[in-house]
Amino acid sequence: MIRSLLKIAALLIASVLLYNYFFGTNEEQESSRKIFVQIRGVVTSVGQLVSAEKDKFDAGKYDAALDKLGGVYKAVRTQAHHVDAKLIKRLDELEARKIELEQDLNEIEAVDQQAATTPIGKKKDPKAVVKDTEQTRRKKDLFRELESLVRDSDTLLQAAGK
């Protein structure tokens, strides 16, 4: 229901802007031009942000973070004789989450590789656009989970250091 109302509101706003751009008074036309320039700026900024995150993803930003966590877990486990059983159990849980994130990352990278092999001149069908949107959402979710895992790991390391 709310989604429909938002779509209708966006359509009305776009209609008014287009009407003013072509048929409005000079002030209305100038106002519409300014709005279109601002919208173009926002779209460009969002595109640059997505491109930058994709570049970081492609460069292995998440792989490096997961590798570092694996090294930390290994170091904590080697010093496990100083740590109580609760911390060892928590470490096992964190390692399981790390493995799960690595599997998700591998799946995302496989889909990205498959998309990269699509011929350049080929027009994207609507399903591909939905798939791209889903990939972006999965990457955001992966990043949030990775941040959460790092926070939980930090808490574990602080507890282990006491």
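Predicted model: local features only at pLDDT ≥ 70, side-chain atom pairs only at ≥ 80, totals over all residues.

User: How accessible is Glu107, and how about Arg138?

Analyst: Glu107 has a relative accessible area of 44%, which makes it partly exposed. Arg138 is partly exposed too, at 21%.

User: Which helices do Asp152 and Arg97 lie in?

Analyst: Asp152 is in helix H5, which covers residues 126-161, and Arg97 is in helix H4, residues 85-116. The pair therefore ties together parts 55 residues apart in sequence.

User: And accessibility for Asp152 and Arg97?

Analyst: Asp152 comes out at 22% relative accessibility, so it counts as partly exposed. Arg97 is at 23%, and that is partly exposed as well.

User: What about Arg137, what does it form a salt bridge with?

Analyst: Its partner is Asp141, and the closest N and O atoms are 2.4 Å apart. Here both residues lie in helix H5, four residues apart, or about one turn of the helix.

User: What are the accessibility numbers for Arg137 and Asp141?

Analyst: Arg137 has 39% relative accessibility and counts as partly exposed. Asp141 has 26%, again partly exposed.

User: Which residues do salt bridges with shared partners join into one network?

Analyst: Arg90, Glu93, Arg97 and Asp152 are joined that way.

User: Tell me about Arg90, then. Where does it lie?

Analyst: Arg90 is in helix H4. Its relative accessibility is 30%, so it counts as partly exposed.

User: What does Arg90 touch, leaving out residues up to four places away in sequence?

Analyst: Arg97, Asp152 and Leu156. For Arg90 and Asp152, the separation is 62 residues in sequence and 9.4 Å in space, C-alpha to C-alpha.

User: Switching to rings. How many aromatic pairs are there by the rule?

Analyst: Four. One of them is Tyr19 with Phe23, a tilted pair at 5.5 Å centre to centre and 45 degrees between the planes.

User: Where do Tyr19 and Phe23 lie?

Analyst: Both lie in helix H1, four residues apart, about one turn of the helix. Phe23 counts as exposed, with 61% relative accessibility.

User: And how are the rings of Phe22 and Phe23 arranged?

Analyst: Their centres are 6.5 Å apart and the planes are at 55 degrees, so that pair is tilted. The angle falls in that class because edge-to-face needs over 60 degrees and stacked needs under 30.

User: Phe22 and Phe23: buried or exposed?

Analyst: Both are exposed.

User: Which residues form the aromatic cluster?

Analyst: Tyr19, Tyr21, Phe22, Phe23 and Phe36 form one cluster.

User: OK, surface next. Which residues make the nonpolar patch of about 510 Å²?

Analyst: Met1, Ile2, Leu5 and Leu6 make it. Of these, Leu5 belongs to helix H1, which runs over residues 2-23.

User: Let's zoom out. How many helices and strands does the chain have?

Analyst: Five helices and zero strands. Read from the N terminus, the elements go α-α-α-α-α.

User: What share of the chain counts as buried?

Analyst: The chain has 162 residues, and 20% of them count as buried.

User: Last one. Of the contacts between residues at least 6 apart in sequence, what share joins residues at least 24 apart?

Analyst: That share is 68%.

Terms used
Residues numbered from 1 in each chain as written. Heavy atoms only, no water. Helix = DSSP H or I, 4+ residues; strand = E, 2+ residues; numbered from the N terminus. Buried < 20%, exposed > 50% of the residue type's maximum accessible area, 1.4 Å probe, protein only. Salt bridge = Lys/Arg side-chain N within 4 Å of Asp/Glu carboxyl O. Patch = residues over 30% accessible without salt bridge, like charges linked within 9 Å, V, L, I, M, F, W, Y side chains within 5 Å. Areas by Shrake-Rupley, 256 points an atom, 1.4 Å probe, with all protein chains shown as cover. Phe/Tyr/Trp six-rings, centres within 6.5 Å; stacked < 30°, edge-to-face > 60°. Contact = heavy atoms within 4.5 Å.
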